[in-house]
Amino acid sequence: MHELITEIIRRLKKWYKPQEWWKNADYSPWEIMIAIAFSSRTSYKQVIKCIERLRRAFRTPEDIMNMPNERLAHSIKMVGFVRRRVIMLKKLAKIIISVGGISNFLNLDTRTARKLLLSVPWIGPKTADMILVALFGEKYFIVDSNILRVLKRLKVVPQNANIYKAREIIEPLIPKNERVFLHLALLHLGRTICKPKPKCEVCPLKNICKFST
Ligand code: SF4
């Protein structure tokens with residue numbers, strides 16, 4: 001299995017250059033959370049502008065909690081969906097405060113952290129997983145439904161595995177410094193090629209994938 005994982009990584013590296021845009025900014029983990037939560041339906045450019053503006057006044061979850069909604073709405077208006085994003089930010093801040101701060105959040109296991117993120121209105125599985133990847137980095141290998149589909153087709157995990165079981169199986173097989181890359185690359189593959197109806201003929205993994213042979 002190790003050789004297969006190594007070959008998958010090698011092929012995907014030739015095919016995909018990930019955009020870990022949050023690494024280029026000097027964002028705190030709290031700001032990374034907000035940036036990724038906003039980026040799901042807004043351009044990175046607008047998100048970056050918004051974080052710059054927010055950080056002048058609201059550096060912490062407590063700042064956000066204490067801020068009147070109207071002022072918060074005014075500060076984030078450039079990212080759109082203002083009313084729902086005010087609610088989202090307040091709930092996100094409440095969660096971080098409830099676990100004792102961002103450092104404690106970063107010490108949670110990913111299952112609990114994911115559950116908490118998914119309890120925030122308008123944070124769906126994709127956004128929650130991207131936040132976990134950005135915050136937990138190489139510590140874990142996050143599996144989402146797209147990645148699970150690809151892993152099952154590659155026969156890397158059993159057909160009855162769920163995202164948590166799949167992670168348990170594959171995480172120890174992936175070198176730590178490749179975990180973020182492999183997550184982003186498999187996610188991209190699952191969204192663009194290995195979709196529910198796969199396009200195996202253009203897939204970079206076609207010769208090593210049992211599903212296509
Ligand atoms: S060869 Fe087909 S089934 Fe296998 S990973 Fe590629 S797209 Fe998916």
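Q: Which domains is the chain divided into?
A: The chain has domain 1 (2-18 + 140-212) and domain 2 (21-136); the bounds come from an automatic or database domain assignment. Residues are numbered from 1 along each chain as its sequence is written. This is a predicted model, so local features need pLDDT of at least 70 and side-chain atom pairs count only at pLDDT 80 or more, while totals for chains, interfaces and linings use all residues.

Q: How many residues of each domain are in contact with the other?
A: Seven residues of domain 1 are in contact with eight residues of domain 2. Contact here means C-beta atoms, placed from the backbone, within 7 Å. On the domain 1 side, the touching residues are four nonpolar, two polar and one charged. Ala, Val, Leu, Ile, Met, Phe, Trp, Tyr, Cys and Pro count as nonpolar, Asp, Glu, Lys and Arg as charged, and the others, Gly among them, as polar. The domain centres, over C-alpha atoms, are separated by 28 Å.

Q: OK, secondary structure. How many helices and strands?
A: Twelve helices and zero strands. Both are DSSP runs numbered from the N terminus, with helices being H or I of at least four residues and strands E of at least two.

Q: What percentage of the chain is buried?
A: 34% of the 213 residues. Buried means 20 or more other C-beta atoms within 10 Å of the residue's own, exposed means 12 or fewer, and partly exposed is in between, with C-beta atoms placed from the backbone.

Q: Which residues have the most contacts inside the largest nonpolar core?
A: Ile34, Ala37, Leu89, Leu92, Ile131 and Leu151, in a core of 59 residues. Helix α2 (residues 29-39) gives the most to this core, with seven residues. The core draws at least three residues from each of domain 1 and domain 2. A nonpolar core is a set of buried Ala, Val, Leu, Ile, Met, Phe, Trp, Tyr and Cys residues joined through C-beta atoms within 7 Å.

Q: What does Leu151 touch?
A: Val156, Val157, Ala166 and Ile170, not counting residues up to four places away in sequence. Leu151 is one of the buried residues of helix α10 (residues 145-153), and the buried residues of α10 pack against α11 (163-170) and α12 (179-192).

Q: What comes after α10 with a positive phi?
A: Lys155, with phi near 60 degrees. Lys155 lies in the loop between α10 and α11.

Q: Why is Lys155 partly exposed?
A: Because 13 other C-beta atoms lie within 10 Å of Lys155.

Q: Where is Trp122?
A: In the loop between α8 (110-118) and α9 (125-136). Trp122 has a positive phi, near 70 degrees, and is partly exposed, with 15 other C-beta atoms within 10 Å.

Conventions: Two residues are in contact if their C-beta atoms, placed from the backbone, lie within 7 Å.
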